[in-house]
Structure formats: structure tokens, C-alpha cells
Amino acid sequence: MTTALNATTDRVAPDRRPPALGGFSPAVLGIELRRVLRNRRTLAFTLIMPAVFFLIFGLPQRGQQLPNGRAVTAYIMVSLAVYAAMVATTSIGAAVATERALGWSRQLRLTPLRPTAYVAAKVVTAMVLGLIAVCVEFVVGAATGVRLSADVWLLTGLGAWLGSLVFAAFGLFVGYLFPAENVMQFIGPILAVLAMFGGLFVPLEVLPEVLRDVARFTPVYGVGELARAPLTGDGVSLAALANLVVWTALFALGATRLFRRDTARV
Amino acid sequence: MTSTQPAVELSGLTKTFGAVTAVDGLSLRVEPGEVVAFLGPNGAGKTTTIDMLLGLARPDAGSVRILGGEPADAIARGRVAAVLQTGGLLKDLTVGETVRLTANFYRHSRPAEEVLERAGITGIADRVVGRCSGGQQQRLRFALALLPDPDLMVLDEPTTGMDVEGRREFWQALRRDARSGRTVIFATHYLDEADAYADRIVLVRQGRIVADGTTAEIKNLAAGRLVRATLPGADQAALAALPGVDAVEVRGDSVLVRTADSDLVARHLLTRTAARDVEITSRNLEDAFLALTTDHAGA
């Protein structure tokens, strides 16, 4: 360790240790969150649109019941909560594309912030927005007459929320793949198609059999099944669980690889 | 030993991009507290050198030491900060938020209000970055670089794209900040900036250092011309007394005069002496300098 240089002794030597946790801190998270909650486009697609979907497509089903006697509106509400959370987490993960395109990630390389701390902040922010998205959908549901027992509220909510971690990884993967400012413009439609195959917009039972078979291998299927299991009482099938595990692993691995490639580049 | 630790030590730095050698065996030692201008035209290898200096690019050969250590370590400890041309900013944050966010990446940083003030952007702290002019964004980058109170500040063409007023304000801000102890290295292709703000100028061309000295020395080299004439029995003292003359040398029947004012010397030789075969030549450095200052001044 070198001691203070002669010429610098006239000022108080600042603490020169690298930051704790690579620069990850609640203050950084706070600013990240404020940014997200100020972005009208993000709010429109993650909070407002899924709630409006529920009012348009969910409410007309009032009075209908699932085989176990629970309301169809609850089924639609949980499905749309999964959708809201996945759009939320994907959009935060994919924001790295925008920040790379703008050159912000290069600016960050001039600071002590570690790339892993940067990604950690993105994942936490994504999960917070995902939680808000699930809560908004549930509040809209509850306000318009969905009644469930406390444990079903909690378990479906947790399923929808935690399942969306897959999409935080998916967003990061895409974000490191395409450094484009408007990456969400082409991911948005992809998410809608995936949600469709995951049975979030209509029950898979109404799809033709071929599509239904394909759907079981798409990345939203597992999350949807998991989130709705406490409601339908069907239990989580092994196929759904395998789907969830495999897609999470694939996206996380892809994101990690691309992230490594990005940070190794000097 | 530690007190003589150089702020920057580059040795044999080389970087090629395909067939182009951007930096060609460049070695440079900068002592703590020096304000050094890296002067050269676009494409001279200034930015590539700075990228390697900061650890943003890996040299093909040679080594970089900053404050006795690796660039990445100096960055992690907030001992070096930089204002680059390529560093982007988040358009949706305000100026103040950008500073506060960045401040949180350091273990220790100057207060946000202080760096905004020093960079002269307190008045636009609440403005969204996307609505700031290029000059204002550049001063924001400067404010960010001030946060860790670095021992070494590196600026790559910090006034590019600014109008005359913007440039003046930027340098005033930098000058206000100038204080004992901080080493500053800035790249520029403006001779006047190097002249006004640096103690030492390092002239680079085609990835090599072509001259290195105090601003006075460099200006002298750059401004000087060589007047040669055939003049048997030249009066050396009379020539040396002419304004602008640096040196007079007699070689047999020839006389060589190094001067800043070649016209005056030529006029003197042709009207007051029997000199013939008068030749005026630029020195090599001036060729380099002209290339720097005329071809690229407006770029």
C-alpha cells in the first residue's frame, strides 16, 4: 500500500477502500425504483394494461365457476397477475439493452460499481416492480368482487411473483443480446405470444390439441400452472415443474454467459 | 520510494486494430500534481491511449501503472476519474439524480451539491439529462468525475462539440477546481487549450510521442523556423540580437538561424548583409504541429 503522496497531504485523505457489496446499496436501489415508477410507458404496460384486461375479459365471466367451485374471475385474475409480473420483470432486465446502447454501462466502468452489483440491482428492481404488478392486479380483482381465502391469495400471489424471476433472467438475456434503445418494442409482442401459449389469456383447454402440446414446452406454461395450482387445487404437474426449472436454468445461463462476455470485453 | 511514485507510468504501450497501429510503443511518465495536455490530431491515438490508461482497452504490448497499481484498482478506490467522449448518460434521470446515483457507487464521495457547484451546473440540477445540451452533459460528466475527489483526473477531448462559450465555461470550471495535488491529463486537438491549461504538453502523432516539454518549450519548438544562408564572415552577435532569434550557428560559409520570426531574419540578411541563397525551412515539429492545428482545428 502506498502512503498518501506528498502533494496530496494538504487535503484530508478520503477513504480509498472499494465500496462494500461492489457498490450495491439501498440508495442505488431507491433511485433505480424511482426511475422505473416515473416511466409512464413501463407503468402503462405492466400495471395499467393487465388491470384493464381483467376489467374487459375477466369481469364478464362473473358468476361462472371452476370445477372446484371457485370463481372463474379469480382464475383470470391470477393468470393476468402472472402476465403483469412477467412483463414487469422482463422490462427491467431488458433495460440493460437501453443502458448499453446509451453508453451508460461504459460510464459505469469508470466507477467502482461492480458489474455483478449492477445486475443484482436490476434483478431486485425487477422483482419489486413484479411484486407491485401482482398487487395491483389483485387489488383490482378484490375491488371488483373476487373473494378468496387468505392462503389462496398468498400462495397464488407468491407463485405469480416468484415465477416471474424466470423473466427477469429472460429480460437480462435479451438485454445483453441486443444493445438497442427500444428493445421492449419487439419483446412486448413476443411476451404476449408466450403468455398466450402459457394459458394466461385463455385456458389451454380451448386451444387445438397440437397447440396445446406445443404450449407445454413454452416458458410461461410452468409459471402459469404453478401460480394457479393453489386456486384450482389441481396440484403442480411434474411437467409444469420441469418446464419452470429448465427455462429458468436456460435463461439464467444465457444471461450469465452474455454478461460474462460483456464484462470481459476491454 | 513511495513519495516518488509516478501518477501515471506507461511503457511501450502498443495497440493495433487490424492493419492500423493506433498506438506505437508509447512510453510516458507523469508525476503527481502535473497538468499534462495530450495534444494531437484526430486519429493520433489519444483516445486509444486513454482507454488503455483507464483499463478500458487491453494493450497488445506494454504496461500501464496508475498511482503504482492497476487501472481497475485505482478506479475501484476512486483514485482516478475520467471524462470520456463515449461515456453515456441516462436520459430519464435528472442531472442531480445522476450525481446522487453515481455518488452511491463510491465508499466515500464529495457531496452532490458541491460537485454540481464546482462543475457550474447547480442551476440545472432538476433538469432531465435528455434535455441538456452537449456542453451541459459534458459538465455533468465532469461533476461525476469530481465525486471521488480523485488523485488523477483524465479528460478525453472534454470540450468537443461545445461552442466557444461552452468551452470557456468548461475550462473555467476545471481551473476553479485546479488545486495542489491533483494530477490532470487531458487530450485535446486545440493548441490554445493545451497552452492555456497545461504545464506540460505531450505531442502525439501516429501513436507516438513526437515532443514532450513545458508549454513554453513546445510553443517555441512549434513556432520556430530555420533560416539558412551563405554568408562568409557572418556577424553572429548581430544576428543573435534580432528579435525572435533563438540560436545562431556558423558552419563554414553558411549561417543557420533558429528563429520565431523568419521574415525579419530574412529581411535583415537580404538588406543589411551580403547573404545569398537564403532558405527558410520549417522544422519537422512544425510540420507536425501544422498538421495538428490547421487540418483539425475545426473538427
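Two groups are in contact when they have heavy atoms within 4.5 Å of each other. By this criterion, and setting aside neighbours within four places in sequence, A:Leu194 is in contact with A:Pro219 and A:Val220. The structure is a predicted model, in which local features need pLDDT of at least 70 and side-chain atom pairs count only at pLDDT 80 or more, while totals for chains, interfaces and linings use all residues. Residues are numbered from 1 along each chain as its sequence is written, chains are lettered from A and ligands numbered from 1 in the order in which they are written, and side-chain values use heavy atoms, leaving out hydrogens and water.

A:Leu194 sits in helix α8 (residues 183–197) of chain A; helices (H or I, at least four residues) are DSSP runs numbered from the N terminus. With a relative accessible area of 13%, A:Leu194 is buried, a label for values under 20%, against over 50% for exposed and in between for partly exposed (1.4 Å probe, protein chains only). Between A:Leu194 and A:Val123 there are 71 residues in sequence and 21 Å in space, C-alpha to C-alpha.

On a 1 Å grid over the protein atoms alone, a cavity is a set of points where a 1.4 Å probe fits but cannot get out, whereas a pocket is an open set with protein on both sides within 12 Å along at least five of seven lines; lining residues have an atom within 4 Å of a point. Grid points are joined across faces, edges and corners, and a volume is the space filled by probe spheres set on the points.

The largest pocket holds about 980 Å³. Its lining has 35 residues, with A:Asn39, A:Arg41, A:Thr42, A:Thr98 and A:Met184 nearest the centre. Helices α1, α2, α3 (72–102) and α8 of chain A each give two or more residues to this lining, and α3(A) gives the most, with 9.

As for cavities, the whole structure contains 5 of 30 Å³ or more. The largest cavity has a volume of about 70 Å³, and α5(A) gives the most to its lining, with 4 residues.
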